[in-house]
Amino acid sequence: MNYRHAYHAGNFADCMKHALLVWLLRAMARKPAGFFVLDTHAGSGRYDLSAGPAALTGEWRSGIGRLLDAPPPELSDYLALVRQCGLYPGSPVLIAATLRPQDRLACCELHPEELSALTREFRGDDRVGVHRRNAWEALGALLPPREKRALVLIDPPYEAADEFMQLAAGLRTGHARFPNGVFVAWYPIKHRAPVREFFIDLRQGNLRDIVCAEIWLREPLDPGRLNGCGLVVVNPPYRFETEAPPILHALLARLGDGEPGAGITVERLIDE
């Protein structure tokens, strides 16, 4: 598996992550005061699905390619932003498209080509800062923000064997720096064992108020295949637990192929 995100742009996991991310950003914007967004693994920002790596894998065809025609109302906000942005937008471009003048985004990226693309993308946008900075280090360095509210998106490539452990440690670091922040972490579901261990790690820390949202296209039994994915949300905004399930059901209705074990869940992992 190639972990450069361009190979997987617009696939079902991107659609799940981005649809819920848009909801979370809209929830943050319910209050007039500005907020800060930190995207720790930003990528290049936009992806051409008709050429290059995305065209080579074609994963987008069973993802965003199934959603744009006659979108269900639960996905209309997310898909309107996708159309507005042009080339398939990665998280930093989607985030920037929702920002108000009083909001701010910091994007962290280490890969030279993707960093260069991000710099070009946001040149002239005073709301967005692009940082050549290690994601895990950024959680300590860029938090707390000057704003009193923040959403932190952590979306690692999972190319290291200990990435789940790094993620749990990163959540603890960020939360210790800014306990009131909304922390959103994406994770793959190939088989259940790594996810169970990740949840145990979270429960053994000092984190509270955690909800996990998951979608599976099939029973997660094959460790060599991406069978589903999830988001862990620390300090979820009001109504996330009731409004995320319809979004996930709408995604599964379009993206699933009726394989055994397909489903969604939104459940509280740790109480407030």
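The following legends describe close-up views of a predicted model.

Local features are given only at pLDDT of at least 70 and side-chain atom pairs only at pLDDT 80 or more, whereas totals for chains, interfaces and linings use all residues. Residues are numbered from 1 along each chain as its sequence is written, and side-chain values use heavy atoms, with hydrogens and water left out.

**View 1. The open sheet of eight strands.** The strand order is β5-β4-β1-β6-β7-β9-β8-β10, and the pairing is mixed. Strands (E, at least two residues) and helices (H or I, at least four residues) are DSSP runs numbered from the N terminus; two strands pair if DSSP finds at least two bridges between them. The edges are formed by β5 (128-131) and β10 (263-270), each of which pairs on one side only. On average, neighbouring strands of this sheet are turned by 15° against each other, direction ignored. Axes are lines fitted to C-alpha atoms, for helices over the stretch in contact, and angles run from 0 to 180 degrees between N-to-C directions.

**View 2. Strand β1 and its two partners.** Strand β1 (residues 36-39) pairs with strand β4 (residues 104-108) in the parallel sense over four bridges. With strand β6 (residues 150-154), β1 also pairs in the parallel sense over four bridges. Asp 39 has Cys 107 as its bridge partner in β4 and stands opposite Leu 153 in β6. In a regular strand the side chains alternate between the two faces of the sheet. Here Phe 36 and Leu 38 point one way from β1, Val 37 and Asp 39 point the other way, and all are buried (under 20% relative accessible area, with a 1.4 Å probe and protein chains only).

View 3. The axes of helix α1 (residues 12-28) and helix α9 (residues 240-255) come within 10 Å and cross at roughly 150°. The two helices, α1 and α9, are therefore roughly antiparallel (an angle over 145 degrees). Their crossing is right-handed, that is, the near helix is turned clockwise from the far one by less than a right angle. In α1, the residues Phe 12, Cys 15, Met 16, Ala 19, Leu 20, Trp 23 and Leu 24 meet Phe 240, Glu 243, Ala 244, Ile 247, Leu 248, Leu 251 and Leu 255 of α9, where contact means heavy atoms within 4.5 Å. The residues of this contact comprise 13 nonpolar, no polar and one charged. Helix α9 also lies across β8 (210-216), β9 (228-234) and β10, and runs at about 155° to β10.

View 4. Helices α1 and α4 pack at an angle of about 30°, with their axes 10 Å apart. Helix α1 is therefore roughly parallel to α4 (under 35 degrees). The contact involves His 18, Leu 21, Val 22, Leu 25 and Arg 26 of α1 and Ser 91, Leu 94, Ile 95 and Thr 98 of α4. The axes of helix α3 (residues 76-85) and helix α4 (residues 91-98) come within 10 Å and cross at roughly 100°. This makes α3 roughly perpendicular to α4 (65 to 115 degrees). Tyr 78, Leu 81, Gln 84 and Cys 85 of α3 make the contact with Val 93, Leu 94, Ala 97 and Thr 98 of α4.

Notes: Nonpolar A, V, L, I, M, F, W, Y, C, P; charged D, E, K, R; others polar. Buried < 20%, exposed > 50% of the residue type's maximum accessible area, 1.4 Å probe, protein only.
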